[in-house]
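Reader: I have some labels to check with you. Let us take them one at a time.

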Amino acid sequence: MTESTEPQFTGVLLYDGDCPFCSAASTAMRQLESVGVVAWDDPAAQAFLEAQFGETPFALFFADVRAETVWAGRAAATELCDRAGMPVLVQDIVDESYERFADAVQTVSGTDREIDPYHDAYPLADDAAALFDELAAAGARTHVPTG
């Protein structure tokens, strides 16, 4: 990230656009102006994940350049709920039921791809941070201005 320009988004949700649960998570971000969404299979997302993890794991990811953190899987869902101002009860249900939601969505949607077991908060790797502007530029706005 260059000092003279701010990226359009400081947080980016990487999600499977074919997954109803993931699409719902992206919709929950509508109240967060600084968060954009990028489909998991977008080339910018793939390059970012490769730089962050040395592979392109299939899961829900939330990257925040200011927090210098990438949350994955259950941790990403929990972080998103927290940022969206969801009640603690909802956050707890999402945290405790993430795998069941993922398995159910996989069954209902007929996806044959297994979700990779990434469920923690990871420090943003230098190589991934170098690609964040490109990732943010690929992001779509979900924020719906109120008033």
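Reader: What caps the N-terminal end of α2?

Author: The model is predicted. In it, D42 is the cap of α2. A side-chain oxygen of D42 lies 2.8 Å from the backbone nitrogen of A44. The cut-off for a polar contact is 3.5 Å, so the pair at 2.8 Å qualifies.

Reader: Which residues of α2 are buried?

Author: α2 covers residues 43-53. Its buried residues are A44, A45, Q46, F48, L49, Q52 and F53.

Reader: What follows α2?

Author: G54 does, with a positive phi near 75°. Just after α3, G85 also takes a positive phi, of about 75°.

Reader: Which residues of α3 are buried?

Author: α3 spans residues 73-83. G73, A75, A76, A77, E79, L80 and C81 are buried there.

Reader: Why is T69 called buried?

Author: Its relative accessible area is 14%. Buried means under 20%, so T69 is buried. T69 is found in strand β4, residues 69-72.

Reader: Which residues does T69 contact beyond its neighbours within four places in sequence?

Author: They are F62, A63, D64, A121, Y122 and L124. Contact here means heavy atoms within 4.5 Å.

Reader: Why is A39 called partly exposed?

Author: Its relative accessible area is 28%. Partly exposed lies between the buried limit of 20% and the exposed limit of 50%, so A39 belongs there. A39 lies in strand β2, residues 35-39. Leaving aside neighbours within four places in sequence, A39 is in contact with Y15 and A45.

Reader: How far is A39 from A138?

Author: Their C-alpha atoms are separated by 9.1 Å. Along the chain, the two are 99 residues apart.

Reader: How many helices and strands does the protein chain have?

Author: Six helices and six strands. From the N terminus on, they run β-α-β-α-β-β-α-α-β-α-α-β.

Reader: What share of the protein chain is buried?

Author: Buried residues make up 44% of the 147 residues. The accessible surface comes to about 7,700 Å², and 51% of that belongs to carbon and sulfur atoms.

Terms used: Residues numbered from 1 in each chain as written. Predicted model: local features only at pLDDT ≥ 70, side-chain atom pairs only at ≥ 80, totals over all residues. Heavy atoms only, no water. Buried < 20%, exposed > 50% of the residue type's maximum accessible area, 1.4 Å probe, protein only. Helix = DSSP H or I, 4+ residues; strand = E, 2+ residues; numbered from the N terminus. Polar contact = N/O pair within 3.5 Å; in protein donor to acceptor, adjacent residues only side chain to side chain. Areas by Shrake-Rupley, 256 points an atom, 1.4 Å probe, with all protein chains shown as cover.
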